[in-house]
Amino acid sequence: MLWMQKSCGLSRVLDTIESSKELLLSSACRAAILALEDVVSHVGAERRQKGVDPSERRTIRAVVWVRDAVPLSAHSCADAARTTTRPPSSYRQWSVQVIIPSILKARFSVCEIVTPPSAQGQITQAGSVMLHYDDATLKDLYFLDPQWLCDMLAHVVTIREINPFARTGVMKLDDLKHVFKSSNLGPVDTRGYIVNLLNKFEVALTWDNRTLLIPSLLPSEDDPHTPSVKVKIPVRSRGWAVRNKKLPPTTSATTVVGNSSFYADSPTPPSTDSTSGLELNERSDPELAIRRMLLMSYFPSGFWSRLMTRLLADDAIVDIVRSFVVMPKEVAQDAKMAKLLDVRAEWVLWQTGMELRYSDVVLFRMKEVISSVKNSPIDYRKLRLKLKQEGVWADMDLVNSSILEVLLPLDTIVIKRPITDNDEQIGYQAIVLDPSPECAAQLLALAVDHIDILLEDWYPTLGTRFVHTSEGKFLVTRIVPCPRCLASSLQENETDNSWPTSRQNLALPNFSENLNEDVDFNVAGNASANRRVRKSQESYTSDGDSGVGPDSAGSSRKPSMEGHPEVINEDEEAVEPNPQYSWMVEECILAAYDKKSVKCPLHGDISLAHIAPDTMFLDLGERHLIRPNSITRGHLLGRGAFGFVFKGTCKVRGSSTTIDVAMKMLQPVAPGPNASQSAVIAYKGAQGKWDRDPLQYASKAYCTARQELNILLTLRHPNIVPLVGVCTKPLALVLDLAPLGALDITLRNYRRSGAKLGAFTLQAVILQVAKAIEYLHQQHIIYRDLKSENVLVWSMPPPFQDHLDVPVYIKLADYGISRLTLPSGTKGFGGTEGFMAPEIMRYNGEEECTEKVDCFSFGMFIYELLTLHQPFESHESVKECILEGGRPPLTYRETLYPSYMLDLMVLCWCQQPRDRPSASQIVSIASAPEFTHLHDIVSLNHPSTVVATASFHAQEDGASSSGEPAACGGEMWLACANKVTDQLMVSGHSFVQYSSLVLPEEPTAACLVGNSVWLGDCKGQIHAYFVGDCTHIFSYALDPDSPDNAGVCAILHLERQSRVAVGLCNGRVFLVRDDLSPAAPTMAEGSFVMSELGSSSVLHAITAVYTDNDNECQLWCGESDGALSVYTMHENIVTGHKVLNHYEPIIANVHVHQIVSSHSPIMYEGPAAVWTYVHPGTMLSK
């Protein structure tokens, strides 16, 4: 019993059970714990009736875990000579160190208890909280002290004296050990769980497993271009130096990209000697710039840090930067200009944005438009932006919106090269390097896709597309402004110098430090907004000397929409600014299907290729963009959730040949004259939706194409369906054609014919799909929708045919819901019911998950292959069943498959992600030879070594009621070094019974003789037992008078001679009868022992060969020093003897350890042959 439980910080005792150390260590402990469970259940029922808090109910249930923890703790106490009755002073420490970890480990199987140093010796007080998170990376951790946890995390973002490694917001992961070196973190992997916690609370995120981004330590946007606060990260690249050397001469001077280390200083400028006289400038044209704006109600917490890490981790940017500038031939061949352009491309980061720079040229910028910081070159807050909604141009409320700007300036790079005449400079030659339109479109598409996926997966309540607010507006309004309208407003913005240059000048509402500052905070947010002129700020600080009160109609102290005072100059007429027109991205997408342009009321038609090239798929280039006249649509192949799939023929670019392709239509297309009625109905339904709301459904089709293209464009693997291209009219993804269609069709044919997949076919399918998943995971892609419908078949044996006649070749397709992932995991709800991992269903995709979700689906996919049925067919509550640990049932037919296949399936669909194998482990398991041969595994009751085996085979006649061949049975006898011989009964493909017998001495040899098993031991005795019931037949000592008690080294049944050859280690070989038991345990010569052979002092192995039409038997004996004794017998009489040797001259201490023949122990057709193994060495002789 515990004394003074309240003073120890424990809860009130509701009931007790008498106990003692002796009870806990005795067999009565189980009964006492069951009694404790009854008490807990009774108390819990009473408290539930009283409306107890759910958290208390969980606590009551948790007490039952003590059933597994108490015996463990009791034994540990007994080992330490402790008592189970403790005073309060030592109980706290003992609880933290023993009881709590024991209970938690008993309940959660595997977990780590993170105990802070302050808790060593004291238990948490009443009312304290023990932290546990269900994240994919943190669910194995339990924190006993939340305050200590907060202190540990604060180390990363604290003052420089504690963490001097992250002064600019970027930190190497290796430096974490220095930050926490003074903290006793215990045996848990410090770097691993600290990084996971930093990511959980969005304190810091990693993108390459080497670097941490700490958003709170990044500089603000006040002036990110000041060298002292720049945070530069070179564009990532794997093996850049090697690939750069392989580039053709025309691209050798493109941007050189650094490794993934980071630095705060500017790159070293080119040597003045090698670039003497050359100047590098840029030239901008506002009308050529590409802009994209997103209007949201707010920026969610962690949005910018997660968006930054996604872009920093994307290797596709490396290839884009390489080719971003069109390089003339003369530049590539000029060493000086190539040296001038040999500059790193780098990211510049701040808290609310990032930009990609090449030298001083901005290639790309993505930022939040902050009201207190002037946006350059265009101040969106001063624009009167109009957007066409439902056919009407309406003013956009930019004041009350959070604005995200994506900008590609598309500045041209100008190299000025001096022109000289007789060493005298007479002028300059300007060499213009234009940005590549294709690369610009690629960078825009990449950034937009990262933004859209982040909003959809991580912030679904804010960023889900095509979801409207109560006012009928999109949650996120995506805008493409007219570049000509913006260019016309630039001159006015450039002449307006009223904005402050830094945030220090905006210390509002205290204006005393900036009395002479002329600042205009008014924004033209709607049609009635007027341009106003500020008076001096002295008038704002007046206490009413003018005689006008603050609430008077003429008062100048009216708060603006931003909370700042504003003044109207009554002497100046209000002037309404000119509007700037824009279009929703969805409108541009719809226009890309037909017109390829949108119309501005002021400037006429604006080409989509100029303002929104991604909507026309111009980022794909000529390689993947298929013209409508280059492809011909054929007959309908099938349909899915996205639409119809047609067979087609596509012209190969640059030749007159055509190839067969599959056209995955993303907009409604008539199924054709021979289509089924269901296909026609499906087409009419889809076309009706498209006609009612073309804007939404055209955008959905575009987003579907974009999502799959994001994945397919980067993949190159033999088991992944390759992308041929994209056809834009009608919108379709063009893929390689699978001759046999989807795998689910093939499985359906197997099921209808009554066949099942053979073991080798099954292995090939599992292995090829596993290799495809492994490749995706290596590319940081989570597939999320693995099932037979998404596996396409190029070649597969038909039912009842062996796979060796027809090879298996399949590929993985359909990447519509696949996602790129970071080391911390990904979010988002996606998959098919029955195949979806429980961690996705439990939290509806709102918690992070890892690539282990694909491994769960892989288990269900194996179930499909084994049963030829989908998991949980006709089951009503699939989600609840999986979350409760339920799995689809198996029949006896599936249990006949090899054990490794069944075990792999069970491992893959484990409830906890950590218990599932990785894709690489699945490949290793499926590649093993035993994967198709191992049918069952049994664990022996002892760890002793098996020294000899014998097996008995029995085959029943006829067939089973199911049509399957009759199950074969038999026995396996395992003689072990601990004198135990195990008997395993086998039926069909599994072990059905396990029994053991004990020999008087250690067994050394075993052999099946008729319906009995003979066992030889180390004392030269043989013991015979009947198969089946293990009845003892006889025991016989062959050489009882031997001084060294030579053991039996070999037993060989010569069935045609009705003899059994028994060899002893001392070189003696006895031929005994197999049809007669000895009358006495020894000295039975003449009746049982028929003859004796032997010419050596050492014997290791025996085998037999039959010659002369089986009339003659040769007995081959492996001996020492490489020798072989061959005895020739005719009608059971020894007629000859000769000695052979492996070596000439003879080599001592080389023994013939193993010898087998083509006739023994199994008779094979063909010429007689003998194989020997000599030890030591690796010689195998024939």
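Author: What follows goes from ring pairs to charges over rings, then to salt bridges, and ends with the backbone. Please keep in mind throughout that this is a predicted model, and that every value below is computed from it.

Let us begin with the aromatic rings, of which the structure holds 18 pairs. If you trace the chain, you will find Trp-347 in strand β11, which covers residues 344-350, and Phe-364 in strand β13, which covers residues 361-369, so that the pair links parts of the chain 17 residues apart. Trp-347 has a relative accessibility of 2% and therefore counts as buried, and Phe-364, at 1%, counts as buried too; the reasoning rests on the cut-off, since buried means under 20% relative accessible area.

Tyr-593 sits in the loop between α17 (585-592) and β23 (597-600), while Trp-690 belongs to helix α20 (residues 677-692), so the contact ties together parts that are 97 residues apart in sequence. Both Tyr-593 and Trp-690 are buried. Ring pairs can also join up into a group, and here they link Phe-299, Phe-303, Trp-304 and Tyr-459 into a cluster.

Lys-416 lies over the face of Tyr-428, at 6.0 Å from the ring centre, and the charged end of Arg-633 sits over the ring of Phe-646, at 5.3 Å from its centre.

From here we can turn to charges that meet other charges. Side chains of opposite charge can pair when their charged atoms come close. In this structure the count comes to 21 salt bridges, and among them is the one between Glu-622 and Arg-627, with a distance of 3.3 Å from N to O. Arg-627 has a relative accessibility of 44%, and so it counts as partly exposed.

Another salt bridge brings together the side chains of Asp-814 and Lys-664, at 3.5 Å from N to O. This pair links distant parts of the chain, since Asp-814 is in the loop between β33 (809-812) and β34 (819-820) and Lys-664 is in strand β28 (residues 658-665), 150 residues apart. The two partners fall into separate accessibility classes: Asp-814, at 23%, counts as partly exposed, whereas Lys-664, at 7%, counts as buried.

In a further salt bridge the side chains of Arg-1073 and Asp-1075 meet at 3.2 Å, again from N to O. Arg-1073 is partly exposed, with a relative accessible area of 26%, while Asp-1075, at 52%, counts as exposed. Salt bridges can also share partners, and in this way Glu-355, Arg-357 and Arg-365 are joined into one network.

Finally, look at phi in two residues. Leu-410 has a positive phi of about 55 degrees, although Leu-410 is not a glycine; you will find this residue in the loop between β16 (402-408) and β17 (412-421), and at 16% relative accessibility Leu-410 counts as buried. Phe-617, likewise a residue other than glycine, has a positive phi near 60 degrees. Phe-617 lies in the loop between α18 (608-611) and α19 (621-624), and with a relative accessible area of 3% Phe-617 is buried.

Note on methods
Residues numbered from 1 in each chain as written. Predicted model: local features only at pLDDT ≥ 70, side-chain atom pairs only at ≥ 80, totals over all residues. Heavy atoms only, no water. Phe/Tyr/Trp six-rings, centres within 6.5 Å; stacked < 30°, edge-to-face > 60°. Helix = DSSP H or I, 4+ residues; strand = E, 2+ residues; numbered from the N terminus. Buried < 20%, exposed > 50% of the residue type's maximum accessible area, 1.4 Å probe, protein only. Lys NZ or Arg CZ within 6 Å of the ring centre and 35° of its normal. Salt bridge = Lys/Arg side-chain N within 4 Å of Asp/Glu carboxyl O.
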